[in-house]
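Open the model in your viewer and keep the selection tool at hand. Each stop below says what to pick and what is there.

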Amino acid sequence: MGAIKIRPKKGIFFTFIAITIMAVFILVSTPQADTSLQKDTQAIRTRISSVDTYVDDLENRYFETVLRATTYKTILSLIFYINSTGSYITDMDSAFSEVMLTGKIGGMPIDSITRKKIMENNTLADWNDRIIKTSKDTLNANTTIIINKVSVFQTKPWDIESLMEVNFTVKSNVAEWKKSATITTTIDIEGFHDPYYLVNTNKEYTNQVKKSTVESNKWDTAKVREHLRNGTYVYWENSDAPSFLMRFTNTIAGSSCCGIESLVNPNKISPEDQRESYVDYLFWVHTYNSRCSELYNITNPPTSLGLWDEFRYFKLDFNHVTMYNITAQDAVKTC
Amino acid sequence: MLKKRGYFFVLDAVLALTVLVIGVFLITSSYVNVPQPAQVSLLSDDLLNFFSNRKIMDLNNPYAGIGGTLWNQGTITDADNSLLQQIGEFYAKNKLDIAEKFIQNVSAGVMPPQFRYEVWMNNAILYPRTPSVEHLKSKNSTELLLTSKKLTFGIINKTTSNIWGPYKAEVFIWER
């Protein structure tokens, strides 16, 4: 038997091969820095999502908020304008649009006429500029906003509605959004001064709109007394009263949806005794001046009832005597 | 002589096993040490989304929620405000100390403790208002600082519809 020859050097090759295979395996399996296409996609997705959220906010929240704020300030400015000039507005929609978009009326800054800083930095154009600048700064998105139309109207007696038609584009480095939207909003008229009183009394008698809490079938003389004291307004269905917006243009006609009326307090006018129905929209147009037989003094001297103890010379036409449920013991014919 | 040959095979096997173990160890340890940009990025988005999606009315917090300290003081009046809007409103009204405490309260427990964060509004830092030395050192030395941004705006007075904003709200997050 011959001795087996050992070749110790050969084993090392197997070891080298094993190490090499292992090294290759390690290199292949080791996670690389995450600079793959997948990461890029994730980044783009995040970016698109951020800008998309902004576009959604712009369309569904920002425009509505800004429209509400500027509608309030525009109406307030127009009331101060009427107060300053002592005259009504000729075209409400046109004036509203001009003031809201530019802060001007008839080409003049309305704040310089009213001497109140209401529209300065508060026009729709100003608020659009602000969001354009902030979106550029925050998201590096270029926003373009074009307002096609703004208008104001009423469909309910105690609310003003405004509408804005807008086209806007948001362009980022990954995508572009092009949209059109019609935004509407509603503001409460309570708290605004009634322009009809301002013009007719040359600012001497001002009345802020406040809704009466009396239900239509619960009126009586005592409630009318409170109504007069507080200068509150009431809505009667199918009445001949003008709406709040119609009072800006001296359009004294019945509003099918939104006519509201208040009662003129005789203690706040001069002369106190006038041959008129003291319902605001009838009083200054002298509807009953020549129809004395249809007027009633809300008093009854023999019984000392009625309202003349506090509101001397207060009169109403027959229709309103009926509507306010004033009985014969509280009223007598004027003529 | 024959006995000695067996040792070579055993040694060879041991060597191979060692190489395998080292290899597996290197691979697994390299997995552990991979930085986590995605996680931090998600955290910054998550925190900002938490602020903008959660409303005051949704909070059960004795300081910032309905019936809480700020609510009873009349400092918070609109339960429909998102947390981000409330922070913006505090900033608009220059109530910066309250804003800081508000952020601290509502974000407590939301962020994992190994992360630090800052909340900015309109390029002004609201949380923390006066960063500690460790905070600044940690921010300056971090290898991965991520930010998320959002626009925010709101109404100060509902009757007059006075608006604040739009502001840039920003959250910075990094690992300690």
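Select B:Lys55 and B:Asp80. They form a salt bridge, with the closest N and O atoms 3.0 Å apart; the term asks for a side-chain nitrogen of Lys or Arg within 4 Å of a carboxyl oxygen of Asp or Glu. B:Lys55 lies in the loop between α2 (37-53) and α3 (69-73) of chain B, and B:Asp80 in the loop between α3 and α4 (83-92), so the pair ties together parts that are 25 residues apart in sequence. Helices (H or I, at least four residues) and strands (E, at least two) are DSSP runs, numbered from the N terminus. B:Lys55 counts as partly exposed at 30% relative accessibility. B:Asp80 is partly exposed too, at 39%. Here buried means under 20% relative accessible area, exposed over 50%, and partly exposed in between (1.4 Å probe, protein chains only).

Before moving on, note that this is a predicted model: local features need pLDDT of at least 70, side-chain atom pairs count only at pLDDT 80 or more, and totals for chains, interfaces and linings use all residues. Residues are numbered from 1 along each chain as its sequence is written, chains are lettered from A and ligands numbered from 1 in the order in which they are written, and side-chain values use heavy atoms, with hydrogens and water left out.

**Chain B as a whole**

Along the sequence the pattern is α-α-α-α-α-β-β-α-β-β. Its C-alpha atoms fill a box of roughly 105 × 30 × 25 Å along the principal axes. Buried residues make up 41% of the 176 residues in chain B.

Now pick out two prolines. Most residues other than glycine have a negative phi, and most peptide bonds are trans. A cis peptide bond joins B:Tyr127 and B:Pro128, with omega about -10°. B:Pro128 sits in the loop between β2 (124-127) and α6 (133-141) of chain B. The bond from B:Gly165 to B:Pro166 is also cis, with omega near 0°. B:Pro166 belongs to strand β4 (residues 162-175) of chain B.

**Salt bridges in chain A**

Go to A:Lys315 and A:Asp273. Their salt bridge has its closest N and O atoms 2.7 Å apart. A:Lys315 lies in strand β11 (residues 315-317) of chain A and A:Asp273 in the loop between β7 (260-261) and α8, so the pair ties together parts that are 42 residues apart in sequence. Buried or exposed: which is A:Lys315? At 3% relative accessibility, A:Lys315 counts as buried. A:Asp273 is partly exposed at 42%. Over all chains, the whole structure holds 21 salt bridges.

Next, select A:Arg291. Its salt bridge partner is A:Glu294, with the closest N and O atoms 3.2 Å apart. The charged end of A:Arg291 also sits over the ring of A:Tyr288, 4.4 Å from its centre. For that label, NZ of Lys or CZ of Arg must be within 6 Å of the ring centre and within 35 degrees of the ring normal. Compare A:Arg130, which lies over the face of A:Trp127 at 4.2 Å from the ring centre.

**Aromatic rings**

Select A:Tyr196 and A:Trp284. Which class of pair do the rings of A:Tyr196 and A:Trp284 form? Their centres are 5.8 Å apart and their planes at 85°, so the pair is edge-to-face. Rings of Phe, Tyr and Trp (its six-membered ring) pair if their centres lie within 6.5 Å; planes under 30 degrees apart count as stacked, over 60 as edge-to-face and the rest as tilted. Both A:Tyr196 and A:Trp284 are buried.

**Last stops**

Look at A:Asn121, where phi is near 60°, a positive value in a residue other than glycine. A:Asn121 lies in the loop between α4 (110-114) and α5 (124-139) of chain A. A:Lys203 also has a positive phi, near 70°. A:Lys203 is in the loop between α6 and α7 (221-230) of chain A.
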